[in-house]
Amino acid sequence: MRPKPRRQIAFLSLVGITQLHLRNPLIITWWSAAFPGFGHLLLSKYLRGFILIGWEMFINSQMHLNEAMVYTFIGQFEQATEVMQIRWMSLYAPVYLFAIYDSYRTSIDLNHQYILAKRENAPIAPFKMGIIEINYLDKRSPSMAVVWSLLMPGMGQLFTHRILNAFFVLGNWILVCYWSHLLEGIHYLLLGDLARSAKEVNKHWFLFLPSIYAFAAYDAYVTTVEYNKLFDHEQANLLKAEYQDQRFVFPRSPSRKGG
């Protein structure tokens, strides 16, 4: 009798798929440095990611960090110093550094867990049905996921059926767009009134937008690619279990080491 696997490669539920796969720890760390919480979302550690993102937006806005960065970029160093609320800095730095460190450490740990889970070849449930949703493994276009994300952040995650992540990213995008007055800025920009456009935009909230926009597209692309690999893995296991004779020895490629 085959022993029960200790680990899972993937868990499929009505609101999404949580999956282990190999990740580059440096890329995860870079996203955590760009915006605390994003690295954890890439690791499928959603609760921790949501809390860190909320913390970043709250403390950053209290400290006026983004405004200070804008003034620094344009060379107005005195004004950058004036707007900074340094009493919040002691609260900001430890958590920011922890988010970077924790995402790097966790990505290495999860890579080890994935290698062990792959050796155990744990079965994957490819279909889930409930009264409010249906979720299943299938192959989808990574390019289409990116296109939907570029049209509206969150739609790429909805395309890949990651409902919690999708509505969090979408809600975050809508709130930051509203608070930054992005649409009013675009409106006056299209009318050719560049000065009015720059005046309308709230620079502090505007600076959050590029990170959210780029992350949503990257996350949608990577997730779709990994879901497609998971679909292939589950199909290969099914065909092997159902149709391949147990005595069959699969021929090894001569180019493979030791073949």
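Here is a short chat about the fold and the salt bridges of this predicted model.

Me: What are the ground rules here?
Reply: It's a predicted model, so to speak: local features need pLDDT of at least 70, side-chain atom pairs count only at pLDDT 80 or more, and totals for chains, interfaces and linings use all residues. Residues are numbered from 1 along each chain as its sequence is written, and side-chain values use heavy atoms, with hydrogens and water left out.

Me: How many helices and strands does the protein have?
Reply: Helices (H or I, at least four residues) and strands (E, at least two) are DSSP runs, numbered from the N terminus. Going by those runs, the protein has 13 helices and four strands.

Me: What share of the residues is buried?
Reply: Buried means under 20% relative accessible area, exposed over 50%, and partly exposed in between (1.4 Å probe, protein chains only). Of the 259 residues in the protein, the buried share is 41%.

Me: How many salt bridges are there?
Reply: Side chains of opposite charge can pair when their charged atoms come close. The rule for a salt bridge is a side-chain nitrogen of Lys or Arg within 4 Å of a carboxyl oxygen of Asp or Glu. By that rule the count is nine.

Me: Which helix holds both Arg105 and Asp109?
Reply: These two form a salt bridge, with the closest N and O atoms 3.1 Å apart. Arg105 is partly exposed at 33%, and so is Asp109 at 35%. They lie four residues apart, about one turn, in helix 6.

Me: How far apart in sequence are the parts tied together by Lys139 and Asp232?
Reply: Their side chains meet in a salt bridge at 3.1 Å, N to O. Lys139 lies in the loop between strand 4 (134-136) and helix 7 (142-151), and Asp232 is in helix 13 (residues 209-243), so the pair ties together parts separated in sequence by 93 residues.
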